[in-house]
Amino acid sequence: MLQPYRDQFNAHFTPAAYTNLLARLNQLTRTTIDFRVAETPCFFPRELLNELAETGAELTHQLLNNPAYLQASNQTIPEPYRVPNETPQPNFMTVDFGLVRNPDGTLSPKLVELQAFPSIFGYQDILSRQYIETYNLDPNLTWHLGGLNETTYWQLLRQVIVGDHDPENVVLLEIDPSHQKTLPDFHVYEDKLHIATVDIAKLRKQGNRLFYQRGGPGQGTAIPIHRIYNRAIVDELERKHLQLPFDYRDSLDVEWAGHPNWYFRISKFAIPWLHHPAVPPAVFLSDWYDGKGRSLLSEDREQWVFKPLYSFAGKGVQFAPTDAELNAIPAEQRHNFLLQQRVRFEPVIDTPHGLTQAEVRIMYVWPDGGTLEPMISLIRMGRGKMMGVDHNRNQEWVGASAGFCPQQE
């Protein structure tokens with residue numbers, strides 16, 4: 001999108017440089033990247049990234065400043081996972097946008113979804129730096145938002161994730177972390193913040209305290225946990241029928257970096273509550289069956305997307321849903337599904353394989369007692385209906401990427 005960077009990159013790209021990029025990423029993350037990394041970063045005008053960051057913040061504050069919404073979002077938290085001592089705001093936010101073509105030919109952002117849950121802050125910073133170094137890109141390009149640089153970026157992440165605690169007493173908590181595709185991200189925090197990655201099923205509970213084991217079986221040391229960087233997703237817990245060594249409802253002597261309740265409070269559930277030109281029409285499936293909000297959606301079902309409220313990586317998303325597919329959802333579960341006007345991404349990234357679509361995720365942190373801060377963007381490139389990296393495996397010049405813009409003068 002941003003010239004001359006786009007044309008220069010395409011002209012100087014070599015497969016050897018891309019192979020080098022992947023090798024560097026594997027080395028720096030101490031593992032093998034198990035998702036597709038795009039051959040290219042994306043170059044955007046600073047004004048566009050600033051607009052996306054400001055819009056995402058505006059939508060987040062619209063929800064947090066709406067008492068009716070906050071009251072309604074209480075119902076989204078399943079009773080077995082209702083964690084006490086909820087923080088007044090989420091520590092992490094991600095807001096995903098597609099770029100669409102207006103009738104006058106201009107581009108504008110449209111919300112895809114938003115989630116009060118951390119994304120891959122660690123890996124994304126490493127990826128961006130490696131694009132610059134591997135391809136010898138203009139050092140005037142930046143990938144940080146909000147005036148941050150690499151030093152202040154990690155200072156802010158440390159503040160939110162570790163706080164005032166000894167890193168030994170802070171853990172990244174996940175379900176079977178060694179088998180997660182986000183393992184490269186976990187390793188970056190281990191190296192940068194010196195915190196441990198811990199399997200949620202292997203915690204120990206004594207009284208109202210949680211502990212993790214450091215060292216080999218039978219000879220390790222039980223380390224008390226003072227703060228949890230929460231990466232465990234409840235729907236995965238449910239799918240795997242895991243028996244945990246603690247109950248989420250326990251009054252535990254621990255802080256949460258990313259309080260679990262916010263995962264439910266700000267999710268696809270929020271979209272029908274938002275009022276903004278960037279937000280496409282949406283209605284809960286339960287309301288649609290009750291005859292509410294039907295006029296919001298186009299009569300053409302090819303323009304509809306059907307989504308479960310709580311899922312990651314595009315699980316359960318259906319395009320142009322039929323009556324049979326909608327009727328298959330039991331009535332008592334329909335409030336957990338959303339019908340939304342489809343966002344048709346405009347292909348804007350010029351690649352050797354043709355124009356390619358880009359979904360832009362703006363990633364924020366919200367320190368305890370601080371303000372919502374945009375940190376970095378994450379780009380998904382694709383040429384199909386779905387933008388997630390899992391849906392573009394058999395193509396080239398697609399997948400997970402990074403966004404760059406010129407630094408402010």
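Helices (H or I, at least four residues) and strands (E, at least two) are DSSP runs, numbered from the N terminus. The model described here is predicted: local features need pLDDT of at least 70, side-chain atom pairs count only at pLDDT 80 or more, and totals for chains, interfaces and linings use all residues. Residues are numbered from 1 along each chain as its sequence is written, and side-chain values use heavy atoms, with hydrogens and water left out.

We begin with empty space. Rolling a probe the size of a water molecule over the atoms shows where empty space is left. On a 1 Å grid over the protein atoms alone, a cavity is a set of points where a 1.4 Å probe fits but cannot get out, whereas a pocket is an open set with protein on both sides within 12 Å along at least five of seven lines; lining residues have an atom within 4 Å of a point. Grid points are joined across faces, edges and corners, and a volume is the space filled by probe spheres set on the points.

The second largest pocket holds about 480 Å³ of space. It has 21 lining residues, and Thr-76, Pro-78, Phe-264, Tyr-310 and Asn-336 are the closest to its centre. Helices α8 (234-240) and α9 (261-265) each supply at least two residues of this lining, and α8 gives the most, with 3 residues. By type, the lining comprises 13 nonpolar, 6 polar and 2 charged residues; here Ala, Val, Leu, Ile, Met, Phe, Trp, Tyr, Cys and Pro count as nonpolar, Asp, Glu, Lys and Arg as charged, and the others, Gly among them, as polar.

The largest cavity contains about 60 Å³ of space, and its lining includes Pro-90, Phe-117, His-259 and Trp-262. That lining has 8 nonpolar, 4 polar and no charged residues.

We turn next to a sheet. Four strands form an open sheet in the order β12-β15-β13-β14, with antiparallel pairing. At its edges are β12 (282-284) and β14 (318-319), each of which pairs on one side only. Two strands pair if DSSP finds at least two bridges between them; β12 and β15 (residues 337-341) are joined by 3 bridges. Ala-282 stands opposite Gln-340 in β15.

Finally, Thr-60 lies in helix α3 (residues 46-64). This residue is buried, with a relative accessible area of 0% (buried means under 20%, exposed over 50%, partly exposed in between, with a 1.4 Å probe and protein chains only). Leaving aside residues up to four places away in sequence, Thr-60 touches Met-93, Val-95, Trp-366 and Leu-372, where contact means heavy atoms within 4.5 Å.
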